[in-house]
Amino acid sequence: PKEFRQWAFNDLDIEKLSEDIDRARQAGADLIFASMHWGSERTQKPSSHQRRLAQELIAAGADCVLGHHPHVLQPIEMVESGGRTGLVFYSLGNFISNMYPPQADTGAIAYITYEKDNETGEITLKDAAYLPAIVWKKTYQGEGNWDFRVLPMQQYLEDETLFETLDRGMKKRMPASFEETVALLGEEPARLTKEYPD
């Protein structure tokens, strides 16, 4: 219904989204992040609809777009449209998930830093990074319940003590998942990080 959670819901109508962006700017927002529930599940390539809507959002005034719904990672791009440039994470994959591989057990944690010039008011993207993560799902001993852990892959792969705490399946899955993630997301426009930035 139209009156249900008007503050939170928009049905991907670019006219409504543009109005939301305008209202946020008029209310004093320095930055506009669009969180988009879009794309086809388990598809690592953004659809033409996602790409078109990303361009429209950037042109309308969004600074950054954070996508979700495909349950797998999709690329990160700088999108130029309407005389503006914005950062687009088409899909950050899964964070805590009960879905199984391929790829549905991986995700990325985005770290984005903007800087504001207090004299001019100009805001610029200072840094963008992503931390590859994987969901380790295992049963509690004797309880029949599931234990979900989100693990920073690179830290586990570079620390033998941490890596040895994993079960055989995760030891096999994690290196391949990390390689797939880095191959898909690359180093531009967001860099790979293994640390939690300050």
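Strands β5 (residues 106-116) and β6 (residues 123-139) run antiparallel and are joined by 11 bridges. Strands count as paired when DSSP finds at least two bridges between them. This is a predicted model, where local features need pLDDT of at least 70, side-chain atom pairs count only at pLDDT 80 or more, and totals for chains, interfaces and linings use all residues. Residues are numbered from 1 along each chain as its sequence is written, and side-chain values use heavy atoms, with hydrogens and water left out.

**Overall layout**

- The protein has five helices and eight strands. Both are DSSP runs numbered from the N terminus: helices are H or I with at least four residues, strands are E with at least two.
- Along the sequence, the pattern reads α-β-α-β-β-β-β-β-β-α-α-α-β.
- The C-alpha atoms fill a box of roughly 55 × 45 × 30 Å along the principal axes.
- Of the 198 residues, 37% are buried. Buried means under 20% relative accessible area, exposed means over 50%, and partly exposed lies in between (1.4 Å probe, protein chains only).
- Among contacts with a separation of 6 or more, 58% link residues 24 or more positions apart. A contact means heavy atoms within 4.5 Å.

**Two hairpins**

- In the β5 and β6 hairpin, six residues sit between the strands, and Gly-121 takes a positive phi near 80°.
- Ala-108 has Pro-132 as its bridge partner in β6.
- Strands β3 and β4 also run antiparallel, joined by eight bridges.
- Their hairpin has two residues between the strands, and Gly-82 takes a positive phi near 65°.

**Nonpolar cores**

- The largest nonpolar core has 23 residues, of which Ile-76, Phe-89, Tyr-130, Leu-151, Leu-166 and Met-174 touch the most other members. A nonpolar core is a set of buried Ala, Val, Leu, Ile, Met, Phe, Trp, Tyr and Cys residues joined through side-chain atoms within 4.5 Å.
- Two or more residues of this core come from each of β3 (73-81), β4 (84-92), β5, β6, α3 (153-158) and α5 (168-185).
- Another core lies apart from it, with 15 residues, among them Ile-32, Ile-58, Val-65 and Tyr-90.
- Leaving aside neighbours within four places in sequence, Tyr-130 is in contact with residues including Ile-76, Ala-108, Ile-109, Val-182 and Leu-192.

**A closer look at Val-88**

- Val-88 lies in strand β4. It counts as buried because its relative accessibility is 0%.
- Glu-77 stands opposite Val-88.
- The C-alpha atoms of Val-88 and Pro-75 are 8.4 Å apart, although 13 residues separate the two along the chain.
- Beyond its neighbours within four places in sequence, Val-88 is in contact with Ala-54, Ile-58, Val-65, Pro-75, Ile-76, Glu-77 and Val-79.

**Backbone exceptions**

- Most residues other than glycine have a negative phi, and most peptide bonds are trans.
- His-69 has a positive phi near 115°. His-69 lies in the loop between β2 (64-68) and β3, and is partly exposed, with a relative accessible area of 22%.
- His-71 has a positive phi of about 70°. His-71 is found in the loop between β2 and β3, and is partly exposed, at 21%.
- A cis peptide bond joins Glu-188 and Pro-189, with omega about 0°. Pro-189 lies in the loop between α5 and β8 (191-192).
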